[in-house]
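Please keep the sequence and the three-dimensional view at hand while reading.

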Amino acid sequence: MLENIKCFLLDLDGTFYLGEKLLPGALEFLDILAERNLDYLFLTNNSSKHSGQYVEKLARFNVNVGKERILTSGEATVIYLQKEMPDAKVFIVGTKALEEEFTNCGFKLSDRDPDVAILGFDTTLTYEKLWKICDLIRGGYPYIATHPDINCPTENGFMPDIGSFIALIESSTGRKPDVIIGKPNNHMVEAVLERTGHKKDSIAMIGDRLYTDIAMGRTGIKTILVLSGETKKTDLELGKIRPDIIMEDLRGMVSLLNKK
């Protein structure tokens with residue numbers, strides 16, 4: 001099944017690490033990719049950080065990579081907006097890091113008559129920001145969400161992610177996002193293809209979440225579920241989304257590639 005795979009997309013939270021803890025097989029997996037001359041890209045829906053912050057975090061695990069090895073849903077949202085609304089003024093519910101993703105690419109931030117309202121994973125959220133974006137959405141402004149994740153895994157359980165606030169905003173305004181960028185949506189896949197230069201049939205996604213990571217299989221790429229994060233075996237019995245391969249953690253990938 002992996003014979004034609006040239007590039008692996010690696011989720012971070014719950015797949016490569018959990019909080020400040022590196023998960024089993026993570027470093028060994030990168031080593032064997034280097035030995036086999038296989039490409040990889042860290043792919044995360046977490047838009048609360050930019051790629052530079054992930055570079056710093058990975059360096060703490062002795063994983064030294066450049067920004068080109070990391071693609072966030074925030075960055076993919078910027079790429080999408082550069083194509084669709086290149087001169088847009090944006091109102092962002094997001095962290096300082098997400099705001100920098102946009103301003104560094106020439107977008108202007110505005111809370112007065114913006115061209116588009118963007119909902120990101122905002123760990124600095126205030127009621128004022130939430131109220132403002134609801135007013136804009138209720139007023140008919142274009143509405144984009146960086147990704148759909150309901151919860152974000154941590155070492156101590158889960159914290160509410162953007163999907164929870166998508167539901168809250170819909171309850172208040174009656175509207176869902178016009179566009180959701182991150183995994184498993186095509187906008188994220190298009191950003192991956194542009195970044196890596198690989199075709200869909202030579203790419204495999206490795207992640208711990210069924211409705212984002214594994215649902216990317218619907219776009220034509222292979223999917224590998226690891227049970228080191230959110231998804232448990234019992235979830236597979238209840239859900240309709242099925243991965244191509246299932247394993248406990250990245251140690252399974254090391255064993256699999258050693259047999260290749």
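Does E56 count as buried or exposed?

## A residue of helix 2

The model discussed here is a predicted one. E56 has a relative accessibility of 54% and therefore counts as exposed, the cut-off for that class being over 50%. The residue belongs to helix 2. Between E56 and G66 there are 10 residues in sequence, and their C-alpha atoms are 9.7 Å apart in space.

## The largest nonpolar core

The largest nonpolar core comprises 31 residues, and F8, F16, F29 and F42 have the most contacts inside it. At least two residues of this core come from each of the following elements: strand 1 (7-10), helix 1 (26-35), strand 4 (39-44), helix 2 (51-60), strand 13 (203-207), strand 14 (222-226), strand 15 (245-247) and helix 9 (250-259). Helix 1 provides the largest share, with 5 residues. Another core, of 29 residues, lies apart from the largest one; L43, F107, V179 and I203 are among its members.

## Strand 1 and its surroundings

Strand 1 pairs with strand 4 in the parallel sense over 4 bridges, and L9 stands opposite L41 of strand 4. A parallel pairing over 4 bridges also links strand 1 to strand 13, where I203 is the bridge partner of C7.

Leaving aside residues up to four places away in sequence, F8 touches residues that include F29, L33, L38, A204, I224, M253 and L257. In sequence L38 and F8 are 30 residues apart, while the distance between their C-alpha atoms is 7.8 Å.

What is the order of the 5 strands that form an open sheet? The order is 7-6-8-9-12, and the pairing is parallel. Strand 7 (108-109) and strand 12 (179-180) each have a single partner strand and stand at the edges, so one side of each is without a neighbour in the sheet. Strand 9 (residues 143-145) and strand 12 run parallel and are joined by 2 bridges. Within this pair, A145 stands opposite I180 of strand 12.

Helix 4 (residues 96-103) packs on the sheet and touches strand 6 (89-93), strand 7 and strand 8 (116-119). The direction of helix 4 makes about 165° with that of strand 6.

## The contact between helix 3 and helix 7

Two packed helices are described by the angle between their axes and by the distance between the axes. For helix 3 (residues 73-84) and helix 7 (residues 186-196), the angle is about 90° and the axes are 10 Å apart. The two helices, helix 3 and helix 7, are therefore roughly perpendicular to each other.

Helix 3 contributes S73, E75, A76, I79, Y80 and K83 to the contact, and helix 7 contributes H187, M188, A191, E194 and R195. Sorted by class, the contact of helix 3 with helix 7 has 5 nonpolar, 2 polar and 4 charged residues.

Technical notes. Residues numbered from 1 in each chain as written. Predicted model: local features only at pLDDT ≥ 70, side-chain atom pairs only at ≥ 80, totals over all residues. Heavy atoms only, no water. Core = buried A, V, L, I, M, F, W, Y, C linked by side-chain atoms within 4.5 Å. Buried < 20%, exposed > 50% of the residue type's maximum accessible area, 1.4 Å probe, protein only. Contact = heavy atoms within 4.5 Å. Pairing = 2+ DSSP bridges. Axes fitted to C-alpha atoms, helices over the stretch in contact; angles between N-to-C directions. Parallel < 35°, antiparallel > 145°, perpendicular 65-115°, else oblique. Nonpolar A, V, L, I, M, F, W, Y, C, P; charged D, E, K, R; others polar.
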